[in-house]
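Thanks for coming, everyone. I'd like to walk you through one structure today, so let me put it up on the screen.

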Amino acid sequence: MKNMLTTISNALCRMTGRNVLLVDLSEYVSVTSPAPASTVALTQRQPPKPPPVRTRVPAEQLVKNQAETDRPGARVVVSRSFADFTSQASFDIKECELHRLEEGPPLKAELTREQGLQYYRVMQTVRRMELKADQLYKQKIIRGFCHLYDGQEACAVGIESGINPSDHLITAYRAHGYTYTRGIAVKEILAELTGRRGGVAKGKGGSMHMYAPNFYGGNGIVGAQVPLGAGIALACQYKGNNQVCVSLYGDGAANQGQLYEAFNMAALWKLPCIFVCENNKYGMGTSVERASASTEYYKRGDYIPGIRVDGMDVLCVREATKFAADHCRAGKGPIIMELQTYRYHGHSMSDPGVSYRTRDEIQEVRSKSDPITMLKERMLTNNMASVEEFKEIDIAIRKEVEEAALYATSDPEPPLEELCNHIFSNDVPLEVRGTNPWVTLKSVS
C-alpha cells in the first residue's frame with residue numbers, strides 16, 4: 001500500500017511539475033474496482049453536473065476498502081471530498097453608474113458553489129461553440145453572415161440568471177449565446193449554422209434567426225428588435241402576468257431612430273421592458289468614440305432610468321439584471337442597462353477585427369478581464385472548486401461540441417420541396433414561385 005501511494009505521488013510530481021506531499025491519506029483514499037466498459041462509456045456521454053456535497057467516507061468503510069487493496073485488478077483513487085469546499089461566498093462587485101436613480105444594485109454578490117460551476121459551464125460551452133463555428137466558417141461549411149459572441153458570455157449568463165425562464169428576450173444578430181441559454185442544444189445551433197434540417201429552424205434560418213420558448217431570436221435589421229421588444233412588454237402588461245421583456249441591442253444600433261420611438265412609448269405606457277445596450281466598444285469597424293457624440297448609452301433614454309454595468313463580470317450583470325427586473329415588475333416602467341463588454345472576434349466572420357484595433361488590445365482584455373477566467377479564479381481563490389474539476393468540465397464540453405460539429409456536418413440538408421414550408425402558421429397550402437420559372441413549390445404550415 002505504501003509503495004503504491006509513493007508511486008501516485010511521484011506521478012503527480014511529474015504531471016504538475018511540483019512537489020506533492022500526501023499527508024494523512026487515511027481520509028482521502030478509497031479503493032474501487034475498474035468499472036465495466038459500458039458503464040464508463042455511458043458516464044462519459046452524460047453532460048456534466050455540479051457534484052453533490054457529501055461527507056467523508058466513514059472510518060470503518062475505509063478500513064474495509066484498505067483491506068481490499070490486495071485484490072487482483074484493484075486500483076487506488078486519491079480524491080478530495082466535496083465537503084472540503086466552500087459552499088457559498090460573498091464577493092465585492094463594481095459599483096454601477098446611475099441615471100435618474102437614487103440607489104442601484106448591491107455592491108456585494110453571493111455565489112454558491114453550484115451556481116459558480118453552472119455559470120462556468122454555460123459560459124465555457126458558449127465560448128467553445130463559437131470557436132467551433134469560427135473553424136467551420138473558415139472551412140466554408142458555414143456560409144453567409146456569422147456574428148460570434150465569444151468575449152461577451154458574462155452578459156448572456158448574467159442576464160439569464162437575473163430573470164425567470166418565463167420572462168421574454170429578444171436580441172440582435174449576435175444571437176448564438178442566447179439561443180443556448182434559452183435551452184437549445186449545441187448541436188441544433190451548429191446544425192442551423194450549417195443549414196441542416198436538424199437545426200433549430202430546420203436549416204432555413206441561419207445565424208441570425210434562431211428561436212426558443214420566450215426567445216424571439218436574433219434580428220438582422222440594425223435596431224429593429226428594440227420596438228419589437230417594447231411590443232412584447234406591452235403584451236406582458238396587457239396580460240398582467242408579471243413578466244418582463246429584455247430587449248438587447250449593440251452600441252452600433254444605439255443611434256437608430258426607432259430606439260427612441262420605442263423608448264418614448266415604453267416610458268409613456270410604463271412598459272415592463274429592460275432595454276440592454278451591449279456596448280462592445282465597436283459598431284462594425286468604428287469605435288464608439290467616433291460614432292457617438294455621447295457614449296453614455298445608459299443615459300440615452302433621458303427620462304428613462306439607466307445603469308452602466310461591468311459586462312465582463314457575470315455576478316455584476318446578474319445583480320444589475322435582478323435590480324432592473326424588480327424595477328419593471330414594480331410598475332415603474334422601463335429601464336436601460338448598458339453592459340460594458342468586449343468581443344474577441346471581428347464584427348462578423350468577414351471582418352478580421354484587427355484593422356481598426358490592435359492585437360495587443362484584444363490580448364490585454366483577454367488577460368485582464370476575461371469573464372470565464374475571472375469567475376474561475378474567484379472560485380479557486382475562495383476554495384469553491386478545484387483545478388481538476390474545471391479540467392473535467394472543459395473536457396466534457398469539448399467532447400459535446402465536437403459531437404455537435406460532427407452532427408452539424410453529417411445531417412442532411414432540407415430537401416427542395418420543404419424550402420417554402422412554414423411561411424404562414426395556419427393557412428392552407430399555397431403555391432410559391434420557386435427558384436426558377438419551371439418549378440412551383442407549395443407552402444405547408
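Areas come from the Shrake-Rupley method with a 1.4 Å probe, and for residues only the protein chains shown count as cover. Helix H9, residues 257-269, gives the patch its largest share, three residues. Helices here are DSSP runs of H or I with at least four residues, strands are E runs of at least two, and both are numbered from the N terminus.

Quick note on what you're seeing: this is a predicted model, where local features need pLDDT of at least 70 and side-chain atom pairs count only at pLDDT 80 or more, while totals for chains, interfaces and linings use all residues. Residues are numbered from 1 along each chain as its sequence is written, and side-chain values use heavy atoms, with hydrogens and water left out.

Back to H9, then. Met265 is in that helix, and it's partly exposed, at 40% relative accessible area. For that scale, buried is under 20% relative accessible area, exposed is over 50%, and partly exposed is in between, with a 1.4 Å probe and protein chains only.

What about aromatics? The structure holds six aromatic pairs. One is Tyr260 with Phe263, edge-to-face, 5.7 Å centre to centre and 80° between the planes. Rings of Phe, Tyr and Trp (its six-membered ring) pair if their centres lie within 6.5 Å; planes under 30 degrees apart are stacked, over 60 edge-to-face, and the rest tilted. Tyr260 and Phe263 are about one helical turn apart, because they sit three residues apart in H9. Tyr260 is partly exposed at 30%, whereas Phe263 is buried at 1%. Together with Phe275, Tyr260 and Phe263 form one aromatic cluster.

Now for the charges. Which side chains pair up? Ones of opposite charge can, when their charged atoms come close. A search of the whole structure finds 18 salt bridges, each being a side-chain nitrogen of Lys or Arg within 4 Å of a carboxyl oxygen of Asp or Glu. Take Lys138 and Asp134, with closest N and O atoms 3.3 Å apart. Both lie in helix H4, four residues apart, about one turn. Lys138 is exposed at 62%, but Asp134 is buried at 11%.

Arg308 and Glu338 form another bridge, at 3.2 Å between the closest N and O atoms. Arg308 is in strand S11 and Glu338 in strand S12, so the pair ties together parts 30 residues apart in sequence. Both Arg308 and Glu338 are buried, and Glu97 joins them in a network of salt bridges.

Then there's Arg378 with Asp313, where the closest N and O atoms are 2.8 Å apart. That pair links distant parts of the chain, helix H13 and the loop between S11 and helix H11, 65 residues apart. Both Arg378 and Asp313 are buried too.

Finally, the whole chain: 14 helices and 14 strands. How much of it is buried? Of the 445 residues, 46% are. The chain exposes about 22,400 Å², with 53% of that supplied by carbon and sulfur atoms.
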